[in-house]
Amino acid sequence: MSKPDGKDMDDDDDNQPDFSDLAAQMRQFMGPDGRLDMNKLMGGMREALSRVPGGSDPSGLNWKATATAINRLVGEAGPELTSALMPGDVADSFGLANRWLDEAMAFDGDTLQLELWPRTRWVERTTDQWRSMSAPIVASLGDALVAMATENASEIPELAPLAELMAPMMRTTAGEFFSTRLAKTIADLACSTLSGTDAALPLVPASTVALLPGNIAAFTAGLSAPQTDVTVYLLARECARQRLFAATPWLGPQIMALIEHYARELTIDASVLREGFDVDAMNSMTPARLAEISSQIEDRLFRPAATEEQKAILTRLETLICLVEGWVDHVVAQAAGAWLKTGPALAETLIRRRAVGGPAERALTSLLGITLSSRRVRDAANLWAAVEHDRGIKDRDALWSHPDILPQAEDLDDVMGFVARTSAGAQPDAMDEQLNWLVDQWRKDGEN
């Protein structure tokens with residue numbers, strides 16, 4: 001079978017049902033009286049649809065094909081750089097980072113295990129979480145395509161019964177369409193992420209501290225800080241994040257549950273789909289065409305959160321991620337401050353990386369249309385610093401013991417108000433003292 005331009009299709013395309021020259025095909029479904037024989041038509045459609053390749057996921061996403069695409073894109077990005085650091089040096093840095101953290105937090109790191117991963121290993125170990133996040137998104141996209149096909153079919157009464165038969169094909173199309181988007185996102189992250197949870201998401205087990213030496217070597221190429229400094233600093237961040245996830249078993253699952261809940265509530269912009277898809281020209285819906293459509297409409301597909309429930313989920317998700325990253329920023333600054341002269345410069349480098357679109361921002365924007373605010377992470381870091389100044393490290397970290405006592409979104413807007421309200425011995429003049437201290441911290445941040 002050939003494409004409309006005369007070129008041979010890929011092997012995957014040969015499995016697609018041929019809907020070209022629809023009028024000629026429809027003649028085979030006519031009865032002796034020249035009218036459409038619905039029994040013949042239904043049988044033909046069932047046979048055609050049975051040839052549509054399906055996926056193992058009920059949502060319609062063919063994960064095997066997606067994984068193949070991810071690995072291909074990672075390979076096309078070129079070979080990973082060779083790190084100058086030896087495994088023994090990284091192990092020493094791991095021990096050093098954990099000793100620093102012992103003095104800066106209430107959570108221990110006894111269960112942490114260091115692992116060094118190539119990009120493909122990171123993809124492999126994060127697969128289950130990506131599948132969990134993606135399934136409700138593909139289901140929402142499939143619902144939108146089914147509704148669009150049903151609407152088109154209903155305009156011709158004789159074709160209305162076909163709407164139900166077309167649903168599996170539409171869901172498979174949705175899966176293939178999103179597979180392109182998902183593969184690009186994961187491959188991009190695999191080639192840029194520095195550690196297992198660099199994307200601020202609990203993608204790997206909390207006991208695992210994973211570094212990607214090849215990506216770190218590329219990251220340090222433009223920095224003035226020695227690679228050993230960068231390594232120990234990144235290890236301190238990853239160890240801090242994993243200590244937190246290990247000590248708060250509810251935290252990682254809640255972040256993932258919020259992402260999946262938000263994904264289930266996603267609404268698809270049908271007008272954008274109509275611009276890309278033509279259900280009357282299904283012969284063009286090859287994998288290459290789906291990739292082209294994905295590229296054209298990827299930034300306009302998802303409607304902004306509209307319902308109060310959607311907004312509440314989004315606010316809670318953003319707040320949790322910002323609280324985690326703000327806590328890591330503050331704790332690592334405290335832990336490394338006395339030992340690592342390049343610490344402040346490295347912290348600022350990572351803040352700038354986040355502001356222009358770090359791994360967390362790119363992943364959530366691409367998959368869900370969510371934009372995280374780097375300013376909110378700074379607000380969260382200031383809040384944790386203020387709480388520690390008021391009542392110490394142990395009581396600061398005790399706020400992670402239950403989600404109900406964690407700071408909320410409005411607390412990030414009123415840091416000193418939160419400190420005053422939650423301080424056991426708050427006095428009328430204590431807030432002024434705390435406010436003066438916080439102003440000094442903001443001034444120092446500005447100087448950095």
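A residue is called buried when its relative accessible area is under 20%, exposed when that area is over 50%, and partly exposed in between. In the predicted model described here, Ala91 has a relative accessible area of 38% and is therefore partly exposed.

For the chain as a whole, the secondary structure comes to 19 helices and two strands. Of its 448 residues, 50% count as buried. When contacts between residues at least 6 apart in sequence are considered, 80% of them join residues that are at least 24 apart.

Two helix pairs illustrate the packing. Two packed helices are described by the angle between their axes and by the distance between those axes. Helix α8, formed by residues 227-247, and helix α13, formed by residues 343-355, have axes that come within 11 Å and cross at roughly 65°, and the crossing of α8 past α13 is right-handed. On the side of α8 the contact is made by Asp229, Val230, Tyr233, Leu234 and Arg237, while α13 contributes Gly343, Leu346, Ala347, Leu350 and Arg354. Sorted by class, the residues of this contact of α8 with α13 comprise six nonpolar, one polar and three charged.

In the second pair, the axes of helix α15 (residues 374-391) and helix α18 (residues 415-422) come within 9 Å and cross at roughly 35°, and α15 likewise passes α18 in a right-handed crossing. Here Asp379, Asn382, Leu383, Ala386, Val387, Asp390 and Arg391 of α15 meet Val415, Met416, Phe418, Val419 and Thr422 of α18. The contact of α15 with α18 has seven nonpolar, two polar and three charged residues.

Helix α13 also holds Thr349, which counts as buried because its relative accessibility is 15%, below the 20% cut-off. Leaving aside residues up to four places away in sequence, Thr349 touches Phe219 and Leu223. Phe219 has a further neighbour in Arg353, which lies over the face of the Phe219 ring at 5.7 Å from the ring centre.

Aromatic side chains form another set of contacts. Rings of Phe, Tyr and Trp are paired if their centres lie within 6.5 Å, and by this rule the count comes to four aromatic pairs. One of them joins Trp122 and Trp130 in an edge-to-face arrangement, with 6.3 Å from centre to centre and 65° between the planes. Trp122 counts as buried because its relative accessibility is 0%, and Trp130 is likewise buried at 0% relative accessibility.

Trp327 and Trp400 form an aromatic pair that is also edge-to-face, with the centres 6.4 Å apart and the planes at 80°. Because Trp327 lies in helix α12 (residues 308-337) and Trp400 in the loop between α16 (393-398) and α17 (409-413), this pair ties together parts that are 73 residues apart in sequence. Both Trp327 and Trp400 are buried. These two residues belong, together with Phe107 and Trp384, to one aromatic cluster.

Methods: Residues are numbered from 1 along each chain as its sequence is written. This is a predicted model: local features need pLDDT of at least 70, side-chain atom pairs count only at pLDDT 80 or more; totals for chains, interfaces and linings use all residues. Side-chain values use heavy atoms; hydrogens and water are left out. Axes are lines fitted to C-alpha atoms, for helices over the stretch in contact, and angles run from 0 to 180 degrees between N-to-C directions. Helices (H or I, at least four residues) and strands (E, at least two) are DSSP runs, numbered from the N terminus. A crossing is left-handed if the near helix is turned anticlockwise from the far one by less than a right angle, and right-handed if clockwise. Contact means heavy atoms within 4.5 Å. Ala, Val, Leu, Ile, Met, Phe, Trp, Tyr, Cys and Pro count as nonpolar, Asp, Glu, Lys and Arg as charged, and the others, Gly among them, as polar. Buried means under 20% relative accessible area, exposed over 50%, partly exposed in between (1.4 Å probe, protein chains only). Rings of Phe, Tyr and Trp (its six-membered ring) pair if their centres lie within 6.5 Å; planes under 30 degrees apart count as stacked, over 60 as edge-to-face and the rest as tilted. A charge sits over a ring if NZ of Lys or CZ of Arg is within 6 Å of the ring centre and within 35 degrees of the ring normal.
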